[in-house]
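My notes follow in the order I made them.

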Amino acid sequence: MRPVASVILTDGGMGQELLRRSQAPPTPLWSARVLLDEPELVHDLHVEFIRAGARVITINSYAATPERLAREGEPEMFEPLQRRALDLAHSAREAAQDGQEVRIAGCLSPLFGSYHPRLTIPFEETLATYRRIVEQQADRVDLMLCETMASAEEARAAATAAAESGKPIWVSWTLADDGPPCLRSGETLATAAQALEGIPLAARLVNCSRPEAVSAALPGLVALGGPVGAYANNFTAVEALKHGGTVDVLASREDLGPERYAEFALDWVEGGAAIVGGCCETGPGHIAALRERLHAAGIATTAA
């Protein structure tokens, strides 16, 4: 283990864990509708992640983008869902006070859905949409997280809008699961980083990819310079999730329980990651195991 004093520990995945706890069947907007229909589930899961050791939690607005809501005939739900996601994150932070600082991250997610870099609109329209999201979130978050970015241009639009908030910016790309390390668009990390030149980033990360793909990409991410981080998913594969589909078509791995996931994450810390956590199909148990392994190695977990 490399001699680091501390790492930033984030939460795990919200959507799949909420689906397991809910009585409602999945729909394309399910993880957004749960904010209104079963808000206590969202609140309680945020609390569990904090008590498991997370020092950064992300608001549960991943699916509440204008494009997704318009596609499903509910464009008027954009602002109410954004407000509810923020309210629940703040109330959970207050309920879980344990003497440790916890930061709340805003969420700039893919506008049309995960893993589909070819589903795009012109850059200026994309930027305008991300600005709408930032306007809703900026005053009530501690940092802006542009996550699961599948292409360099998608990340550039999200990060440009995030920079206008004045808050610290984390940009996180999602990786192809097989082959040489690259974004799901096929672009290299170096190309994706070049697209963000001139935008002040607090950290570069990779997320919602197989842990093995994260491990392969980490040296290249570290080589870009500055703080880096990683949080992987626990899916067997993601190809079954089509545009407008529902997450019940995806399956979790049976070989990647909390202890095994923590081993991957500790390797990322040893390789230079200053931020670690979990993505889809990683729950509070994964974060608790990771915290325990980090503390056993003499590494503190922090929010900054």
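**Entry 1: the model.** I note at the start that this is a predicted model.

**Entry 2: α10 and α11.** I began with helix α10, residues 258–270, and helix α11, residues 284–296. I found their axes 8 Å apart, packed at an angle of about 50 degrees. That angle makes α10 oblique to α11. I recorded the crossing of α10 and α11 as right-handed. From α10, the contact uses Pro258, Glu259, Tyr261, Ala262, Glu263, Ala265, Leu266 and Val269. From α11, the contact uses Gly285, His286, Ala289, Leu290, Arg293 and Leu294. Sorted by class, the residues of this contact of α10 with α11 are nine nonpolar, two polar and three charged.

**Entry 3: α3 and α11.** Next I took helix α3, residues 39–52, against α11. How do α3 and α11 lie, roughly parallel or roughly antiparallel? Their axes cross at roughly 15 degrees and come within 8 Å. An angle under 35 degrees counts as roughly parallel, so α3 is roughly parallel to α11. I have this crossing of α3 and α11 down as right-handed. On the α3 side I listed Leu45, Glu48, Phe49, Arg51 and Ala52. On the α11 side I listed Pro284, Ile287, Ala288 and Arg291. The contact of α3 with α11 has six nonpolar and three charged residues, and no polar ones.

**Entry 4: Asp44.** While on α3 I looked up Asp44, which lies in that helix. Its relative accessibility is 38%, so Asp44 counts as partly exposed. I also checked Asp44 against Ser91, 47 residues apart along the chain. Their C-alpha atoms are separated by 9.8 Å.

**Entry 5: α5 and α6.** I then turned to helix α5, residues 78–95, and helix α6, residues 123–137. The axes come within 10 Å and cross at roughly 45 degrees. The two helices, α5 and α6, are therefore oblique to each other. The crossing of α5 and α6 is right-handed. Phe78, Glu79, Gln82 and Leu86 of α5 make the contact with Arg132, Ile133, Gln136 and Gln137 of α6. For the contact of α5 with α6 I noted three nonpolar, three polar and two charged residues.

**Entry 6: the nonpolar core.** Which members of the largest nonpolar core touch the most other members? I found Leu108, Tyr130, Trp170, Trp173, Trp268 and Val276, out of 101 residues in that core. As background, nonpolar side chains tend to be buried together in soluble globular proteins.

**Entry 7: Ala152.** Is Ala152 buried or exposed? I read a relative accessibility of 5%, so Ala152 counts as buried. I placed Ala152 in helix α7, residues 152–163. Not counting residues up to four places away in sequence, Ala152 touches Leu183, Glu187, Thr191, Ala192 and Ala195. I took the spacing to Ala195 as well: Ala152 and Ala195 are 43 residues apart in sequence and 6.1 Å apart in space, C-alpha to C-alpha.

**Entry 8: Arg33.** Arg33 has its place in helix α2, residues 30–37. With a relative accessible area of 26%, Arg33 is partly exposed. Leaving out residues up to four places away in sequence, I found Arg33 touching Glu74 and Met77. I checked Arg33 against Ala161 too, 128 residues apart along the chain, and their C-alpha atoms are separated by 25 Å.

**Entry 9: positive phi.** Cys208 has a phi near 45 degrees, a positive value in a residue other than glycine. I located Cys208 in the loop between β6, residues 203–207, and α9, residues 211–223. The relative accessible area of Cys208 is 2%, so this residue is buried. Glu281 has a positive phi of about 70 degrees, although Glu281 is not a glycine. I found Glu281 in the loop between β8, residues 275–278, and α11. Its relative accessible area is 9%; buried means under 20%, so Glu281 is buried.

Methods: Residues numbered from 1 in each chain as written. Predicted model: local features only at pLDDT ≥ 70, side-chain atom pairs only at ≥ 80, totals over all residues. Heavy atoms only, no water. Axes fitted to C-alpha atoms, helices over the stretch in contact; angles between N-to-C directions. Helix = DSSP H or I, 4+ residues; strand = E, 2+ residues; numbered from the N terminus. Parallel < 35°, antiparallel > 145°, perpendicular 65-115°, else oblique. Left-handed = near helix turned anticlockwise from the far one by under 90°. Contact = heavy atoms within 4.5 Å. Nonpolar A, V, L, I, M, F, W, Y, C, P; charged D, E, K, R; others polar. Core = buried A, V, L, I, M, F, W, Y, C linked by side-chain atoms within 4.5 Å. Buried < 20%, exposed > 50% of the residue type's maximum accessible area, 1.4 Å probe, protein only.
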